[in-house]
Amino acid sequence: MDELMKIITGSLLMPLVIAIATSYLTVRLSLRQFYSQKWWERKADTYSNILSHLSTLKYYFGQLLEDEIQGGLDSESPRHERLNSDFAQAREALFKEAGLGGYVVSENVSKAIYRLHSTLADIEERSRDYYEMLADSSNEVSTCIETVVQHSTTDLNVQQHNRLGIWPRLSAGLKNRPKAPFQVKNPPTDLVA
């Protein structure tokens with residue numbers, strides 16, 4: 001009877017220990033992956049918000065430039081008030097996001113946003129021409145957008161690619177094609193008038 005209990009205990013105990021250890025490791029690894037994915041999603045949302053705010057700034061300067069080219073904008077129009085309101089909200093939200101520093105977004109992105117803030121203030125102070133101020137501000141926002149995209153793709157470990165992913169294949173195919181693909185080697189001479 002003792003030997004039977006040893007055999008039963010030995011044959012049941014080892015699989016039970018393995019099952020418990022496997023379950024524990026599986027749960028730990030699943031939770032680690034879950035938290036990692038949640039953190040990645042939070043970072044991606046923050047970068048998306050930053051780019052959205054930068055796009056609003058770019059749109060603001062673009063609209064004011066367009067209006068300036070067409071003869072100016074009535075500063076009391078509802079459209080102008082909406083543009084100013086959107087600009088102020090985007091700028092405030094942008095700097096709140098940048099305040100997260102290296103916690104959620106990369107330190108380089110935070111620095112680029114703060115640099116944009118000081119550069120826009122400098123442009124506003126030194127520009128004598130309204131058109132020049134708008135153009136320079138728009139260019140600075142574009143530079144900041146490029147910086148954020150570059151660092152966010154690195155930080156999120158994603159590849160920046162074009163739509164549909166066909167351009168590398170297309171451009172490779174175009175480089176290797178003959179210069180005149182439909183050129184006839186020996187054109188018939190009797191058709192020429």
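This is a predicted model: local features need pLDDT of at least 70, side-chain atom pairs count only at pLDDT 80 or more; totals for chains, interfaces and linings use all residues.
Burial next: 25% of the 193 residues count as buried.

Then I went through the secondary structure. I find five helices and zero strands, so the pattern along the sequence is plain α-α-α-α-α. I also looked at contact range: among contacts with a separation of 6 or more, 72% are between residues 24 or more positions apart.

Next, the core. What sits at the centre of the contacts in the largest nonpolar core? That core has 29 residues, and Ile-50, Leu-54, Leu-57, Leu-94, Ile-113 and Leu-116 touch the most other members. Helices H1 (2-69), H2, H3 and H4 (130-155) each give two or more residues to this core. H1 gives the most, nine residues.

Leaving out neighbours within four places in sequence, I see Leu-54 in contact with Leu-94, Leu-116, Val-141, Cys-144, Ile-145 and Val-148. Leu-94 and Leu-116 are also on the list of residues touching the most other core members.

Last entry, the H2/H3 pair. How do H2 and H3 cross? I have the axes of H2 (residues 78-98) and H3 (residues 107-126) coming within 9 Å and crossing at roughly 140 degrees; the crossing is left-handed. From H2, Arg-91, Leu-94, Phe-95 and Ala-98 meet Ser-110, Ile-113, Tyr-114, Leu-116, His-117 and Leu-120 of H3. By class I count seven nonpolar, two polar and one charged residues in this contact.

Notes:
Residues are numbered from 1 along each chain as its sequence is written. Side-chain values use heavy atoms; hydrogens and water are left out. Axes are lines fitted to C-alpha atoms, for helices over the stretch in contact, and angles run from 0 to 180 degrees between N-to-C directions. Helices (H or I, at least four residues) and strands (E, at least two) are DSSP runs, numbered from the N terminus. A crossing is left-handed if the near helix is turned anticlockwise from the far one by less than a right angle, and right-handed if clockwise. Contact means heavy atoms within 4.5 Å. Ala, Val, Leu, Ile, Met, Phe, Trp, Tyr, Cys and Pro count as nonpolar, Asp, Glu, Lys and Arg as charged, and the others, Gly among them, as polar. Buried means under 20% relative accessible area, exposed over 50%, partly exposed in between (1.4 Å probe, protein chains only). A nonpolar core is a set of buried Ala, Val, Leu, Ile, Met, Phe, Trp, Tyr and Cys residues joined through side-chain atoms within 4.5 Å.
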